[in-house]
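I opened a notebook on this structure today. These are the things I looked up, in order.

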Amino acid sequence: MSANLAKIGSDCGAPPPEAAIPGLCSVVQRTEVGRVPNRGSTVAQLGVLFVHFINHNNTEERKGRRHMTIINRSDIYDKNLNFLIGSGASVGLFPTLQLGVKNSTTSESHTLETLAKHFENDDDVLCLLFSYYVENVIAPASRFSVNASLNKDQKKTLSNYVRFLATILSLIIKKGGIKKANIFTTNYDGIIAHVAERMIASGRYDFILNDGATGFIKRTLQTRSFNRFWRDQGSFDQHEISVPQINLIQPHGSVYWYKDEDEIEVSYDTDRAEIRANNVPTHMDPAFEAIMQDPSFDESEISSRSFSVPPADITEFWKTYRELPVVNPTKWKFHETVFEEHYYQALRILSYELEKPNTVFIIFGFSFSDEHILSLVKRSLSNPTLKIYLCCYSDKTRDEMESKFSAFDNVTLVRTTGALDFEAFNDEVFTASAPSGAGS
């Protein structure tokens, strides 16, 4: 990581007054690249983007030798730019669906999805498992505030979100015409919205984050809003310029959504979100929780304990749980029709974007557990001008993704030396400057 890119939560000194998020160190300081300016300011030279990838035609790649390709800004900034961000981006802030308990068949850790499938006919275990999901995944996302006291890992994750958005803006600011990018995220934590709000409030960035909601005091989700754009117009209509815009599309829902008859209300009131999560009548069992977190156990340990939950508690739990505006991770669907309809509308938007000519689709932190999204992406790869960069956390992840996309020449598997976490993604993969030691 360049010395000019300060790490949040590390020994980076006092934050400058223009820091995007008060209390956090500045994250984009490279003058040769330039921060995203207010419109009307001079944009510094952008440089190039570097992507580490696996070349499928080189058999030596399977032995671990990697190549690096340089993507010039001319290959990226004027394309239809889209991203798919999964839970891997929020590691350090919130838990993922990965559990500690092992799968006895594969010896790998269970996910909530695989364990729920294993016990799909056991009402007691399912109630305990999804209670664990609410308490350890949904509730923390609902109560999180960027204004709270943050630990080192949380600060680093927020820093990476700032850097990610800043790099996108540094690309689209150079576009002619509509200056837009789309972020599709299966995360329902709202971090992108909170970070964008702080970036804009800092005065260092001038852009629109469009979450699809319209209204003032009460905001409701309207899919057609993603087709709206903002322009600045000069006095006497002498000139106009497109305002940089990032569309935020959330197929899996958000902890800040609320069912309002046949509409979805959007409110970033963290107190309101926390109250709703706290009102879910979860049924927690300390012994069950211990098994979930212990890699020395597998699912047989759950079966042997004969866990039991009163039927009335099970009924009450599911009644409230099904009202939550987040996708059910076992069948990747919503229980409420209004949320389910938006899920498919969001997938239609993704499909439409990937079918456009000259589209770039960068995927990070997403495992493709949602088979609807996997099928959609595969169908879209018939578009010969679509280019997908699929970031792989580890060699194991790379192998899994290769098995899914080996038939497609327009998919590049992205790998770095070591774990490709969100920090490595911003340092080496999706950055407006050359990574340390990369050369030019």
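I took buried to mean under 20% relative accessible area, exposed over 50%, and partly exposed in between, with a 1.4 Å probe and protein chains only. By that rule, buried residues make up 51% of the 440 residues in the protein.

I noted that this is a predicted model, where local features need pLDDT of at least 70, side-chain atom pairs count only at pLDDT 80 or more, and totals for chains, interfaces and linings use all residues. Residues are numbered from 1 along each chain as its sequence is written, and side-chain values use heavy atoms, with hydrogens and water left out.

I looked up the secondary structure and found 13 helices and 17 strands. Helices (H or I, at least four residues) and strands (E, at least two) are DSSP runs, numbered from the N terminus.

Next I turned to salt bridges, each a side-chain nitrogen of Lys or Arg within 4 Å of a carboxyl oxygen of Asp or Glu. The structure holds 16 of them.

I checked Glu423 and Lys156, whose side chains form a salt bridge at 3.7 Å, N to O. Glu423 lies in helix H13 (residues 422–429) and Lys156 in helix H4 (residues 152–172), 267 residues apart. Glu423 is buried at 13% relative accessible area, whereas Lys156 is partly exposed at 31%.

I then checked Asp395 and Arg398, which meet in a salt bridge at 3.5 Å, N to O. Both lie in helix H12 (residues 395–405), three residues apart, about one turn of the helix. Asp395 is partly exposed at 30%, and Arg398 is buried at 5%.
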